[in-house]
Amino acid sequence: MATIEIVKILEITGVAPSCNSPKSANEFSIPLTFFDTYWFKFPPVECLYFFQLTESTSSLSYFNSNILPKLKQSLSLALVHYLPLAGNLRWPSGSSKPIILYTPNDAISLTVALSNIDNFHILSSNDMHKANELHPLVPQLISSNDKAEIISVQITLFPNQGFCIGTTMLHAVLDGKTAITFMRSWAYLCKQGNIENPSLPPELTPSFDRSGIKDPAALDMLFLNHWLSFNGEYQDPDKRNLRISKEIEAVSDDIFLATFEFSEEDIKKLREKAFSKLGTTGKQLHLSSFVLTFAYTATCVVKAKGGEGDRVVFIDFGVDCRTRLDPPLPTYCGNCVICFNNSAKARHFMEENGFAFAVDMVSDLVKDIKRGVLEGAEKKMFHFFLPKLPGLQLIVATGSPRFNAYDSDFGLGKVKKFEIVSIDQDEAIAMSESRDGNGGIEVSLALEKHQMENFASLFYDGLRNINKV
């Protein structure tokens with residue numbers, strides 16, 4: 001039986017920052033900070049943005065002549081504002097750590113593809129589907145010993161339905177906030193009509209100034225050496241390289257991805273339930289929408305897996321430090337995230353009051369943030385290596401409802417679906433704002449099929465029971 005080619009590659013080209021801007025003619029380099037070396041060899045982050053088109057505007061001829069040129073031109077304009085992303089991560093000879101280097105004529109890789117499968121409506125919905133069906137829609141990053149691409153883009157047309165933009169980004173250079181802000185900037189410029197030398201609104205204008213990142217404890221080299229030691233490269237400087245630390249494992253057909261939504265009313269009811277269980281203890285609680293939805297989702301994930309109650313469950317989430325530094329750096333472009341985490345036995349989540357237990361646990365972590373995001377930062381790396389420990393269940397929250405991923409409007413209508421594809425490598429929970437802007441929160445996750453079915457039942461039944469109260 002012949003194998004079906006899921007996507008047909010139509011073009012692979014380079015998109016450089018617009019030559020109409022004098023900025024693109026100058027070499028530009030910036031050092032890595034400890035926020036960058038913290039994520040040094042973390043696997044690339046893969047995201048997808050789906051856009052619905054009408055039948056007439058999604059024909060191959062119309063798309064190639066009207067939509068694709070605008071996307072390419074506005075991408076070129078956006079890169080003028082984000083020059084480092086058009087460059088590469090480099091490791092100069094004799095340098096103790098890599099740098100981000102842009103040189104004139106650098107360009108990012110853009111792949112244009114055509115889907116041969118009529119599955120746009122499934123992939124762009126919240127419904128359960130095989131996680132690996134998304135993989136042909138995201139591009140690869142090229143890396144070598146002394147050079148690594150920072151971002152690559154793929155645009156895939158689904159004839160008579162819509163298209164998607166896939167991005168793969170190097171986590172050693174940028175975090176989720178920067179990645180989504182770049183996409184929103186590209187979309188903004190496309191919607192403006194590709195005028196020459198356009199400006200961005202203040203909230204989208206990036207700052208690459210590293211002077212506000214203070215590092216008296218030399219955390220940058222501490223984190224870098226942790227990664228090099230873990231990868232067996234620390235003892236031999238010649239083996240220090242920029243290749244991704246591990247091969248991305250193929251995702252089996254039994255791993256399914258789905259999205260679940262909390263309405264504003266759901267979150268209100270969860271807050272009431274958490275307070276009824278914990279409010280009488282006299283303990284100060286942080287019952288934000290993030291705490292409540294992450295705790296509820298994590299509880300359902302642990303219960304859906306079942307198994308031994310004595311296994312260790314490790315809860316982890318990243319904290320955007322931009323507004324928590326002194327002075328704040330609200331438009332800082334790069335990495336500015338540190339993780340907070342804790343662990344407990346699975347049985348605590350699986351008991352009747354599992355949700356309240358999880359809320360208390362996550363609430364305590366949020367209170368730790370208020371004591372200082374960089375407090376004990378030198379010890380905050382070990383969790384990256386935890387998946388190798390047998391029996392451990394690692395649940396990580398990624399993304400954020402505050403990143404406004406659904407605001408990436410290219411003038412072609414609102415994003416139909418935003419997806420973080422790379423969550424299928426671990427038991428990660430991708431969080432974003434609800435598409436309809438009603439104050440709700442979306443969570444996406446990838447699980448084995450039977451676990452996903454268990455999770456869906458637990459998730460919906462739990463919310464229905466709460467809303468009856």
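The model is a predicted one, in which local features need pLDDT of at least 70 and side-chain atom pairs count only at pLDDT 80 or more, while totals for chains, interfaces and linings use all residues. Residues are numbered from 1 along each chain as its sequence is written, and side-chain values use heavy atoms, with hydrogens and water left out.

The secondary structure of the chain comes to 11 helices and 17 strands, these being DSSP runs numbered from the N terminus (H or I over at least four residues for helices, E over at least two for strands). The chain is as compact as a globular protein of its length, because its radius of gyration, taken over C-alpha atoms, is 22 Å, close to the 23 Å that the globule rule (2.2 Å times the number of residues to the power 0.38) gives for 469 residues. Along the principal axes, the C-alpha atoms fill a box of roughly 65 × 55 × 50 Å. Of the contacts (heavy atoms within 4.5 Å) with a separation of 6 or more, 79% are accounted for by residues 24 or more positions apart. The chain exposes about 20300 Å², of which carbon and sulfur atoms supply 50%, the areas coming from the Shrake-Rupley method with a 1.4 Å probe.

An open sheet of mixed pairing is formed by six strands in the order β1-β6-β9-β10-β3-β15, where pairing requires that DSSP finds at least two bridges between two strands. Its edge strands, each of which pairs on one side only, are β1 (7–15) and β15 (417–420). Neighbouring strands of this sheet are turned by 15 degrees against each other on average, direction ignored; axes are lines fitted to C-alpha atoms, for helices over the stretch in contact, and angles run from 0 to 180 degrees between N-to-C directions. Strand β3 (residues 45–52) pairs with β15 in the antiparallel sense over four bridges, and Phe50 has Lys417 as its bridge partner in β15. Lys417 and Glu419 point one way from β15, whereas Phe418 and Ile420 point the other way, and all are buried.

A search of the whole structure finds zero disulfides, a disulfide being a pair of cysteine sulfur atoms within 2.5 Å. The sulfur of Cys321 is 5.2 Å from the closest cysteine sulfur, in Cys336, and is therefore too far for a bond. Cys321 is buried, with a relative accessible area of 0%, and Cys300 also counts as buried, at 5% relative accessibility.

The peptide bond from Asp326 to Pro327 is cis, with omega near 5 degrees, and Pro327 lies in the loop between β12 (312–320) and β13 (337–345). Asn105, in the loop between β5 (99–102) and β6, has a positive phi of about 80 degrees although it is not a glycine, and Asn105 is exposed, with a relative accessible area of 74%. Asn404, in the loop between β14 (393–399) and β15, likewise has a positive phi, near 60 degrees, and is partly exposed, with a relative accessible area of 27%.

Note on methods:
Buried < 20%, exposed > 50% of the residue type's maximum accessible area, 1.4 Å probe, protein only.
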